[in-house]
Amino acid sequence: MPDDARARQRTGTGLGLLLALVLAAVLLTALPDDGEREGGDACVAHSVRSWSADDELTAEFARYGDDPSRTDDWTGGDGTHSVRLPDGRLLWLFSDTYLGQVHGPPNPFGESFTWREATAPLVRNSAVVMRDGRLERTLAAPLFPDPAPNQWRWPVAARVEPRSPGSAERVLRVLLWVRTAGQSPWIYGVPTATEVATLSLPELRVESVTRVLDQQLVPDASRRVLYGTTLLEEGGWTYVFGGDDGQAASRPVSHAYVARVPDGRLAEPGAWQYWNGSGWGKAGARPRAVLGDGQRAGVGSAFSVARVGGTYVLFTMAAGADGLTTVTSYWACSPVGPWHGPTKDFTPSLPPGGQVAAYNPQVHPELSDGGRLVLSYDVNWLDTGGAAAQLSRNVSLYRPRFVTLRAAPTR
């Protein structure tokens, strides 16, 4: 080959390589900032390798709830979430909560259960403060008042963040689900809106409540999405997961969705971005589910996501009848998926009797360490018509249980 031809070949090869590198850089820049490259850890398939009951943490809630000297404190609740405060305290948030006083066994039926009067107050939300592993006190309940007649607020995930971007002052943001009383199949309320409450620190005084996503104009209630069942902090963003109420519309599983918000801006509706299947859009356009086929794959009404190394792991109740007893998991390399699974299931212990169900598995990052995760699950009586009487007859039925599990690469 002539020298000038070889020179042109070398020049062409170098130019082609340069163009390829430039194109690759452009493509990487254009990819959605979905967090899958953050942290630099490799993403591999994960599942639950082992688990065991966390008897110590479960017993602490039993100790606090069974204390007969308390006359207007938490004695049982569900919707269990937690958040670490800057001074080291741990704040536990609950949805429907029994207050009042409990009585030691035997109960009026002669059974060896701690019990409460049938007239004990039930409030829609509460918060309990823990210090150094010991529950100390219940904040005045309900912490978040009803927004309107026949509506109520259930607190879900929470985080401490700057009052505004770059501010040194910290506040507590609590995500709230607003529900409206409804008929069957909406016996647990019609999904209505997602709100964000701002609480002062360290006083934990509710300063304001902001509605960030109103769903009342979505005509099909089963397609309304409430955000906040779980959240993750990654690279200057808070990723907020949510779901629809497919189970209430007779679908075996619900769909999972995800939004993201810059640090310090959870209480700003205009700062929220919603995954639409190809990128992040503002409110108004229909969000795209990141998980759920309506049949076998999907989530329960509440679920939780944790990051283990470079992998995101999602915990939810299994589909179908197993959803009353069994926790399953999915994994992904990005908050927006694709999500793989379901993977290995596990069935945590339930109180004896056969009339109770588990739900709302939640990871508590403040108590977790790497692949070792602390997860709570709620317990309730299956027959909604007789639930209140049973939960008063045996107050231990309506309290969170805890397990410690290890999520590890799949072999």
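Predicted model: local features only at pLDDT ≥ 70, side-chain atom pairs only at ≥ 80, totals over all residues.
Let me begin with one atom pair: the backbone oxygen of P191 lies 2.8 Å from a polar atom of the side chain of R224, where a polar contact is a pair of N or O atoms within 3.5 Å, and within protein one must be able to donate a hydrogen and the other to accept it, residues adjacent in sequence counting only if both atoms are side-chain atoms. Residues are numbered from 1 along each chain as its sequence is written, and side-chain values use heavy atoms, with hydrogens and water left out.

Back to R224, then. The side chain of R224 also has a polar atom 2.9 Å from the backbone oxygen of V218. R224 belongs to the loop between β14 (206-214) and β15 (226-234); helices (H or I, at least four residues) and strands (E, at least two) are DSSP runs, numbered from the N terminus. Is R224 buried or exposed? With a relative accessible area of 11%, R224 is buried, given that buried means under 20% relative accessible area, exposed over 50%, and partly exposed in between, with a 1.4 Å probe and protein chains only. Leaving aside neighbours within four places in sequence, R224 is in contact (heavy atoms within 4.5 Å) with residues including V190, T192, Q215, G243 and D245. The C-alpha atoms of R224 and T192 are separated by 7.6 Å, although the two residues are 32 apart along the chain.

The side chains of R153 and E195 are joined by a polar contact of 2.5 Å, and a polar atom of the R153 side chain lies 2.6 Å from the backbone oxygen of P145. Not counting residues up to four places away in sequence, R153 touches, among others, R124, F144, D146, W177 and V209.

Now to the nonpolar cores, a core being a set of buried Ala, Val, Leu, Ile, Met, Phe, Trp, Tyr and Cys residues joined through side-chain atoms within 4.5 Å. The largest has 24 residues, and those with the most contacts inside it are F315, L373 and L405. At least two residues of this core come from each of β20 (304-308), β21 (311-317), β23 (356-363), β24 (372-381), α3 (387-393) and β25 (401-409). Which strand gives the largest share of this core? That is β24, with 5 residues. Apart from this core lies another, of 22 residues, among them A157, V225, A267 and Y274.

Staying with β24, 9 of its 10 residues are buried, so this strand is largely enclosed by the rest of the structure. Strands β23 and β24 run antiparallel and are joined by 6 bridges, two strands being paired if DSSP finds at least two bridges between them; in β24, W381 is the bridge partner of V356. On β25, 6 bridges again join the strand to β24 in the antiparallel sense, with V374 standing opposite T404 of β25. L373 touches A306, F315, V363 and L405, among others, when residues up to four places away in sequence are not counted.

Elsewhere, an open sheet is formed by 4 strands in the order β3-β4-β9-β10, with antiparallel pairing. The edge strands, each pairing on one side only, are β3 (81-84) and β10 (134-138). The twist averages 30 degrees from one strand to the next; axes are lines fitted to C-alpha atoms, for helices over the stretch in contact, and angles run from 0 to 180 degrees between N-to-C directions. Strand β3 pairs with β4 (residues 90-94) over 4 bridges. Across β4, β9 (126-131) and β10 lies helix α2 (residues 55-65), running at about 40 degrees to β10.

I will finish with the disulfide, which is defined as a pair of cysteine sulfur atoms within 2.5 Å. C43 and C333 form one, with their sulfur atoms 2.0 Å apart, and with -85 degrees about the S-S bond the link is left-handed. Why does this pair tie together parts that are 290 residues apart in sequence? Because C43 lies in the loop between α1 (3-30) and β1 (46-53), and C333 in the loop between β22 (327-332) and β23. C43 counts as partly exposed at 24% relative accessibility, and C333 counts as partly exposed at 25%.
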